[in-house]
Amino acid sequence: MSKSDHDGGVSRRQVLECMTWVGTGVLWTVAGGVPHSLGIIGEAAAAQEASGLTFLQLSDSHVGFDKPANPNALGTLEEAIAKVNALPNKPAFMIHTGDISHLSLQSQFDDADRIISQSRLDVHYVPGEHDFLDPEQKFYRDRYGRGTKGAGWYSFDANGVHFIGLVNVVNLKAGGLGDLGADQLEWLEADLKGRSASTPIVLFAHIPLWTVYADWGWGTEDAAQALSYLERFGSVTVLNGHIHQVMQKVEGNVTFHTARSTAFPQPAPGAAASPGPMKVPDEQLRSMLGIASVTFKQNEQRLAIIDAPLKS
Amino acid sequence: MSPSHTTRSMLVAATLGAATAAALAAIVLPGRAQSADPASVVGIDNFTFTPQTLTIKPGTTVTWTNRDDIPHGVASSSNAFPKSKALDTDDSFSFTFTAPGTYRYFCYVHPHMTGTIVVEAAAGSTATQ
């Protein structure tokens, strides 16, 4: 990506090309059915004024990570939550799209909870693969899985928007990508049955539900099956994490968006030898971490998504 | 660490459970890398198992060592050997292969990462499992 891509405003296509941006969080606005990225958190305030529902997306906190790409991932999570707390209008709730911890240690989940709870917002979690690394794979479910099905999938409604949290990080198969599995697909189909096609749908999961880059495993094996159940809905927004950078794609009625990590950036697809943590100069790190804010506006067509770096 | 000490440790490791062997391997690996056959070592670097295919004689202990800044895991594609715990940076996992055959495995954290261990038949020919 060249710097000139950023000149003269950023189109959706350009957002796709700006794959080296990794963020603090995305502010999402649901406007008349379609979630819409508002840009960065500084811009979010204006968008929030006219909104019906605003929620935040936090992702890839990797609490416990202490390698050169960010020796203090807990510290940058704290900065992200401070940013949330500084928002002029309180969001309705947060979603966290996984990799809360780095190694699924109880102490890491404890630290994450201690920091994230300072937002005083309800948080709806889905797990990342780093949250299922304890030998019995039970810490995540014991802590965040109450009232969920299977490995932790569930749905809920807010302001007329139907939210669905999916798990695509368990029972992964050799040579494959992320995986939802037959049981979850069956549940999803049943969950959507009978809902009005005009209901805005927000689907969130850790690994992207579209194939960003198969060579690095950045996709979900059976996502097409899941998305086939959503074809009749007029507004579908898919929010993911895992790749530690902002990417967006619009395909028919579906808007796909990935959020930045609060811990460390990862390279653009194919831009490095591996998808491992990317070390950037210290002064650049916070421009590549972030959160996202999403606002749903009752009288507009799109959800507004704001990707806000910790520092621009 | 003396060569004889290393050899004894590896024999002990080979006869214990896989988890214990992994812990021991983490201790003896530095000495072993210099004094034993390097072909029984699989490195995990840049989300890749190296070598991709490792050919060994029956009774060889294979040790995987993660040198990435991201945890990985080793699991048999056909449950032919017990899976490793999550391997943080510089952690190792060892397993001793006794039966000839072809053992495919993958990283259960990043399943696009795959590798193969070929255990030759005693006579030197390769059996397929």
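Q: In which strand of chain A does A:Ile291 lie?
A: The model shown is predicted. A:Ile291 belongs to strand β12 of chain A, which covers residues 290-296.

Q: Is A:Ile291 buried or exposed?
A: Burial is judged here by counting neighbouring C-beta atoms, with 20 or more within 10 Å as the cut-off for a buried residue. A:Ile291 has 33 C-beta neighbours inside 10 Å and therefore counts as buried.

Q: How far apart in space are A:Ile291 and A:Gly181?
A: Sequence separation and spatial distance are read separately. From C-alpha to C-alpha, 29 Å lie between A:Ile291 and A:Gly181, and the two are 110 residues apart in sequence.

Q: How many helices and strands does chain A have, and what share of its residues counts as buried?
A: Chain A comprises eight helices and 13 strands. Of its 312 residues, 55% are counted as buried. Among contacts in chain A with a separation of 6 or more, 75% are between residues 24 or more positions apart.

Q: Which residues have the most contacts inside the largest nonpolar core?
A: That core has 101 residues, and those with the most contacts inside it are A:Leu77, A:Leu166, A:Val167, A:Leu203, A:Ala205, A:Leu209 and A:Ala292. Helix α3 of chain A, residues 73-85, supplies the largest share of the core, six residues. Leaving aside residues up to four places away in sequence, A:Leu77 touches A:Ser61, A:Val63, A:Ala112, A:Ile115 and A:Thr262.

Q: What pattern does chain B follow along the sequence?
A: Chain B has two helices and eight strands, and they follow the pattern α-α-β-β-β-β-β-β-β-β. Of the 129 residues of chain B, 38% count as buried. Residues 24 or more positions apart make up 53% of the chain B contacts that have a separation of 6 or more.

Q: Why is strand β4 of chain B described as largely enclosed by the rest of the structure?
A: Strand β4 of chain B, residues 60-66, is largely enclosed because seven of its seven residues are buried. From β4(B), B:Thr60, B:Val62, B:Trp64 and B:Asn66 point one way, whereas B:Thr61, B:Thr63 and B:Thr65 point the other way, and all are buried.

Q: Which strands pair with β4(B), and in what sense?
A: Strands of a sheet pair through backbone hydrogen bonds, in either a parallel or an antiparallel sense. Strand β1 of chain B, residues 41-45, pairs with β4(B) in the parallel sense over four bridges; B:Ile44 has B:Asn66 as its bridge partner. Strand β6 of chain B, residues 92-97, runs antiparallel to β4(B), and six bridges join the two. In that strand, B:Phe95 is the bridge partner of B:Val62.

Q: In what order do the four strands of the open sheet in chain B lie?
A: The order is β3-β8-β7-β5, and the pairing is mixed. At the edges are β3 (53-56) and β5 (75-76) of chain B, each of which pairs on one side only. β3(B) pairs in the parallel sense with strand β8 of chain B, residues 114-119, over four bridges. Within β8(B), B:Val118 is the bridge partner of B:Thr55.

How values were computed. Residues are numbered from 1 along each chain as its sequence is written. Chains are lettered from A and ligands numbered from 1 in the order in which they are written. This is a predicted model: local features need pLDDT of at least 70, side-chain atom pairs count only at pLDDT 80 or more; totals for chains, interfaces and linings use all residues. A residue is buried if 20 or more other C-beta atoms lie within 10 Å of its own, exposed if 12 or fewer, and partly exposed in between; C-beta atoms are placed from the backbone. Two residues are in contact if their C-beta atoms, placed from the backbone, lie within 7 Å. Two strands pair if DSSP finds at least two bridges between them. A nonpolar core is a set of buried Ala, Val, Leu, Ile, Met, Phe, Trp, Tyr and Cys residues joined through C-beta atoms within 7 Å.
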